[in-house]
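This report describes one protein for a reader who is new to it. The sequence and the model come first, and the description follows.

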Amino acid sequence: SKLGVALDESLAELDPADRQLLQAKYLEGGTIRELSNQSGLTEKAVESRLVRLRRELRQRVLDKIGEL
């Protein structure tokens with residue numbers, strides 16, 4: 001599907017550390033506390049980064065869908 005292709009391509013374009021954070025949260029079900037412990041970031045920083053990454057990923061996917 002267009003969405004699946006756009007999502008895969010958009011994830012591949014992210015910084016590896018950012019991609020890993022998203023995967024740990026949404027594919028592996030990690031908690032904010034677990035992600036904080038793993039990354040060395042504060043819980044607030046993890047939450048802020050996830051908000052930014054969701055916004056960035058959403059825009060990348062929408063841009064790619066528009067191009068397909």
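How many helices and how many strands does the protein have? The protein has four helices and zero strands, where helices (H or I, at least four residues) and strands (E, at least two) are DSSP runs, numbered from the N terminus. Along the sequence the pattern reads α-α-α-α.

This is a predicted model, in which local features need pLDDT of at least 70 and side-chain atom pairs count only at pLDDT 80 or more, while totals for chains, interfaces and linings use all residues. Residues are numbered from 1 along each chain as its sequence is written, and side-chain values use heavy atoms, with hydrogens and water left out.

**The whole protein**

The C-alpha trace spans about 40 × 20 × 15 Å along its principal axes. The accessible surface is about 4600 Å², and carbon and sulfur atoms hold 52% of that surface; areas come from the Shrake-Rupley method with a 1.4 Å probe, and for residues only the protein chains shown count as cover. Of the 68 residues, 26% count as buried, meaning under 20% relative accessible area (1.4 Å probe, protein chains only). Among contacts (heavy atoms within 4.5 Å) with a separation of 6 or more, 59% are between residues 24 or more positions apart.

| Residue | Helix | Relative accessibility |
|---|---|---|
| Ser10 | H1 (residues 2-13) | 0% |
| Lys64 | H4 (residues 43-67) | 13% |

Why does Ser10 count as buried? Ser10 counts as buried because its relative accessible area is 0%. Lys64 is also classed as buried, because its relative accessibility is 13%.

Leaving out residues up to four places away in sequence, Ser10 touches Leu57, Arg60, Val61 and Lys64. With the same exclusion, Lys64 touches Ala6, Glu9, Ser10 and Glu13.

Another pair is Ser10 and Arg52, which are 42 residues apart in sequence and 14 Å apart in space, C-alpha to C-alpha.

How values were computed:
Buried means under 20% relative accessible area, exposed over 50%, partly exposed in between (1.4 Å probe, protein chains only).
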